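Work through the exercises below with the sequence and the model at hand. Try each task before reading its solution.

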Amino acid sequence: MSKQPLHITNGGVLTKYLNELEIVGEKITWQEMLCEGPTQEIVHTNEFIEARRVFLSDFYNVDLDLDKVELALGQLSDPDRYSEVVLWFEYDLFCHINMLAVINLLLQKKISLPIYLVCSGRISGSKTLKGLGELSPEQLFKHYDNKVLLTSEDLDLASTVWGIYCGKDHNLLKPYIVKQSSFKYLSNCLKAHLERFPDSINGLNILEMNILRIVKDNAIKSKHHLLGYALNYQGYYGYGDMQLERLIEKLGIFFTQEEGSLTLNRLGHEALIGQHNFSTEIDNKMIFGGVNKFDFQFNKKLNKLVKTVINAH
């Protein structure tokens with residue numbers, strides 16, 4: 001029996017799409033959101049899985065399906081069955097952090113098969129970036145035909161960036177923003193990641209500021225209406241409904257909700273013009289890899305993270 005590819009996808013929707021298109025090979029669906037919460041360099045350990053289980057339960061009231069985790073990892077226990085590994089991940093930060101983890105898992109398991117990447121984003125004739133699931137069958141097959149073989153340098157880069165993300169000094173990511181590689185959206189994602197930390201002036205990160213600007217510049221009827229805008233206008237983050245709903249709830253102090261209308265209140269306008277640092281007024285318990293969000297702020301003038309004053313020592 002001839003060997004077939006192993007496809008690792010960014011979610012169940014894409015796995016279903018690949019099956020509908022009868023793309024040959026086994027499929028693993030990577031169902032995690034490692035762009036938020038604690039991570040560790042060694043991807044598959046009991047300690048790592050327990051940390052993820054606690055985080056997803058505490059922050060999102062979601063139960064980590066351990067059976068699915070073990071099933072997916074079990075498919076990697078016999079790599080000799082496969083001809084190659086094909087990674088299906090998109091242009092955004094959500095996908096890229098998951099992709100880095102998957103590559104490191106493959107390296108840690110010493111899987112020596114060729115590793116290819118299928119990554120969507122800019123599409124000819126489209127003004128907006130496209131996810132893999134948004135592509136037509138013709139576009140998706142074209143992406144698959146043009147899949148990129150990751151070099152040893154690409155794999156080393158992925159390993160290094162994942163290690164930094166799991167560590168305590170995310171300023172170490174800055175040199176990799178300008179480094180050339182087969183990951184053509186990695187630079188955008190790393191820049192986007194650093195700007196997820198609170199701004200040193202107003203204490204809000206770029207996603208939170210973007211939500212306030214959406215409310216200021218549009219006739220928003222409700223938080224659900226705001227969620228739709230936030231999903232469509234978030235740039236390189238790729239956050240899902242659950243993540244953005246949490247952000248919107250945490251920003252409630254900046255809104256006035258009336259019948260059929262959601263507007264900025266005085267605090268919201270003060271935040272937009274940088275009159276006050278609100279980092280202590282909103283929830284900042286989020287963890288990014290190996291770093292607590294509240295421990296650092298992003299200084300635009302210095303273009304780097306600086307320790308939050310109460311944590312600077």
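## Exercise 1: The largest cavity

Helix H8 (206-217) and helix H10 (241-250) each supply at least two residues of the lining of the largest cavity. The model is a predicted one.

**Task.** Describe the volume, the lining and the residue classes of the largest cavity.

**Solution.** 
- Step 1: take the volume. The largest cavity holds about 80 Å³ of space.
- Step 2: list the lining. It consists of Glu36, Asn205, Leu207, Glu208, Tyr239, Arg246, Leu247, Lys250, Asp283, Met286, Phe288 and Lys293.
- Step 3: find the main contributor. H10 gives the most to this lining, with three residues.
- Step 4: sort by class. Five lining residues are nonpolar, one is polar and six are charged.

## Exercise 2: The second largest cavity

**Task.** How many cavities of 30 Å³ or more are counted, and which residues line the second largest cavity?

**Solution.** 
- Step 1: count. There are two cavities of 30 Å³ or more.
- Step 2: take the volume. The second largest cavity has about 40 Å³.
- Step 3: list the lining. Ile8, Ile28, Trp30, Leu76, Val102, Leu105 and Leu106 line the second largest cavity.
- Step 4: find the main contributor. Helix H4 (residues 93-108) provides the largest share of this lining, three residues.
- Step 5: sort by class. The lining of the second largest cavity has seven nonpolar residues, with no polar and no charged ones.

## Exercise 3: The second largest pocket

**Task.** Which residues lie nearest the centre of the second largest pocket, and which element gives the largest share of its lining?

**Solution.** 
- Step 1: take the volume. The second largest pocket holds about 340 Å³ of space.
- Step 2: look at the lining. It has 18 residues, and Cys119, Arg122, His143, Asn146 and Lys184 lie nearest the centre of the pocket.
- Step 3: assign elements. S5 and helix H5 (137-145) each supply at least two lining residues of this pocket. The largest share, four residues, comes from H5.
- Step 4: sort by class. The lining of this pocket has six nonpolar, seven polar and five charged residues.

## Exercise 4: The five-stranded sheet

**Task.** Give the strand order of the five-stranded open sheet. Then explain why one side of S2 and of S6 has no neighbour in the sheet.

**Solution.** 
- Step 1: write the order. The five strands run S2-S1-S4-S5-S6, with mixed pairing.
- Step 2: find the edges. Strand S2 (26-29) and strand S6 (148-149) each have a single partner strand, so one side of each is left without a neighbour in the sheet.
- Step 3: Strand S4 (residues 82-88) and strand S5 (residues 115-118) pair in the parallel sense over four bridges. Val85 stands opposite Ile115 in S5.

## Exercise 5: A hairpin

**Task.** Which face of S8 is covered, and which is uncovered?

**Solution.** 
- Step 1: pair the strands. Strand S7 (residues 255-258) and S8 are antiparallel, over four bridges. Phe255 stands opposite Leu264 in S8.
- Step 2: look at the turn. Two residues lie between S7 and S8 in this hairpin, and Gly260 in the turn has a positive phi of about 70°.
- Step 3: In strand S8 (residues 261-264), Leu262 and Leu264 make up the covered face, Ser261 and Thr263 the uncovered one.

Key. Residues are numbered from 1 along each chain as its sequence is written. This is a predicted model: local features need pLDDT of at least 70, side-chain atom pairs count only at pLDDT 80 or more; totals for chains, interfaces and linings use all residues. Side-chain values use heavy atoms; hydrogens and water are left out. Two strands pair if DSSP finds at least two bridges between them. On a 1 Å grid over the protein atoms alone, a cavity is a set of points where a 1.4 Å probe fits but cannot get out, and a pocket is an open set with protein on both sides within 12 Å along at least five of seven lines; lining residues have an atom within 4 Å of a point. Grid points are joined across faces, edges and corners, and a volume is the space filled by probe spheres set on the points. Ala, Val, Leu, Ile, Met, Phe, Trp, Tyr, Cys and Pro count as nonpolar, Asp, Glu, Lys and Arg as charged, and the others, Gly among them, as polar. Buried means under 20% relative accessible area, exposed over 50%, partly exposed in between (1.4 Å probe, protein chains only).
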